[in-house]
Amino acid sequence: MLEWLQDRLFRQHGIAIWVIKQFDDTTLHLCGKGMAEGTERMSRRRRALARGTFVGPVRIGEHHEVLHSDLFARLPLRDELRLIDEREAEYAGRRYHVSWVPERCWRFQGPLISQPQRNDGKLRFVSHEDVAAIREKTAAPNAQAMPPRTSDGWSLAARDDD
């Protein structure tokens with residue numbers, strides 16, 4: 001009864017979650033802590049989060065930016081993921097390496113890669129956009145710097161060398 005009443009009174013409150021941007025075999029690309037929000041009852045949101053079917057707004061970051069849940073791979077409840085230290089976490093009965101996703105990558109919709117970075121004498125892994133496919137396309141021998149353009153009636157005249 002009390003849970004039902006709390007759901008009715010505090011419907012706008014968020015549910016504490018971890019925000020996982022990408023999920024690899026051995027690495028969690030972790031954005032950090034967030035809140036799953038919405039207008040549904042908290043009990044329904046909690047069940048959707050547990051099943052991995054939550055769709056709605058996610059509040060995340062220092063500036064409490066609101067992003068859509070479709071941008072993220074997983075949104076586990078806070079007690080489902082245990083952060084061991086800055087580089088390791090335990091999730092779903094397994095241990096994973098943690099790679100922290102900077103704010104600029106939260107909206108990125110391609111694959112991420114993890115690279116080591118030293119900060120204040122501590123080694124930590126940071127996720128970056130994987131642009132290898134873009135580099136391959138630009139390095140191809142038939143790649144042109146500028147795509148061909150049809151003339152719109154104007155053309156450059158030959159320059160006189162006076």
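1. Start with phenylalanine 72. Leaving aside neighbours within four places in sequence, phenylalanine 72 is in contact (heavy atoms within 4.5 Å) with Val19, Ile20, Lys21, Cys31, Val58, Leu67 and Trp106. Keep in mind that this is a predicted model: local features need pLDDT of at least 70, side-chain atom pairs count only at pLDDT 80 or more, and totals for chains, interfaces and linings use all residues. Residues are numbered from 1 along each chain as its sequence is written, and side-chain values use heavy atoms, with hydrogens and water left out.

2. Phe72 also belongs to the largest nonpolar core, which has 20 residues. Ile17, Val19, Leu49, Phe72 and Leu75 have the most contacts inside this core. At least two of its residues come from each of β1 (15-23), β2, α2 and β3 (57-60). Another core, of ten residues, lies apart from it; Trp18, Leu81, Ala89 and Tyr96 are among its members. A nonpolar core here is a set of buried Ala, Val, Leu, Ile, Met, Phe, Trp, Tyr and Cys residues joined through side-chain atoms within 4.5 Å. Buried means under 20% relative accessible area, exposed over 50%, and partly exposed in between (1.4 Å probe, protein chains only).

3. Now the overall layout. The protein has three helices and nine strands. Both are DSSP runs, numbered from the N terminus: helices are H or I with at least four residues, strands are E with at least two. From the N terminus on, the order is α-β-β-α-β-β-β-β-β-β-β-α. Of the 162 residues, 31% are buried. Among contacts with a separation of 6 or more, 53% link residues 24 or more positions apart. The accessible surface comes to about 11700 Å², and 51% of it belongs to carbon and sulfur atoms. Areas come from the Shrake-Rupley method with a 1.4 Å probe; for residues, only the protein chains shown count as cover.

4. Strand β2 deserves a close look. Eight of its ten residues are buried, so the strand is mostly covered. β2 runs antiparallel to β1, joined by eight bridges. Glutamine 22 stands opposite histidine 29 of β2. A hairpin of three residues connects β1 to β2. β2 pairs with β7 in the parallel sense, over four bridges, and leucine 28 stands opposite valine 98 in β7. With β3 the pairing of β2 is antiparallel, over three bridges; alanine 36 has valine 58 in β3 as its bridge partner. Strands pair if DSSP finds at least two bridges between them.

5. Helix α2 also has buried positions: Met42, Ser43, Arg45, Ala48 and Leu49. Glycine 52 follows α2, with a positive phi near 80 degrees.

6. Glutamate 37 sits in the loop between β2 (27-36) and α2 (42-51). Is this residue buried or exposed? Glutamate 37 counts as buried, because its relative accessibility is 16%. Its side chain makes a polar contact of 2.8 Å with the side chain of arginine 59. A polar contact is a pair of N or O atoms within 3.5 Å; within protein, one must be able to donate a hydrogen and the other to accept it, and residues adjacent in sequence count only if both atoms are side-chain atoms. Not counting residues up to four places away in sequence, glutamate 37 touches Gly14, Arg45, Phe54, Pro57 and Arg59.

7. Histidine 128 lies in strand β9 (residues 122-129). A polar contact of 2.8 Å joins its side chain to that of arginine 104. Beyond four places in sequence, the contacts of histidine 128 are Arg104, Cys105, Pro111, Leu112, Ile113 and Gln115.

8. Proline 102 is in the loop between β7 (94-100) and β8 (112-119). At 21% relative accessibility, proline 102 counts as partly exposed. Proline 102 is in contact with Val126 and Ser127, leaving aside neighbours within four places in sequence.

9. Last, the aromatics. The structure holds two aromatic pairs. Phenylalanine 23 and tyrosine 91 pair edge-to-face, at 6.1 Å centre to centre with 80 degrees between the planes. Phenylalanine 23 is in β1 and tyrosine 91 in β6 (residues 88-91), so this pair ties together parts 68 residues apart in sequence. The rings of phenylalanine 23 and tyrosine 96 have centres 5.4 Å apart and planes at 55 degrees, so that pair is tilted. Rings of Phe, Tyr and Trp (its six-membered ring) pair if their centres lie within 6.5 Å; planes under 30 degrees apart count as stacked, over 60 as edge-to-face and the rest as tilted. Phe23, Tyr91 and Tyr96 form one aromatic cluster.
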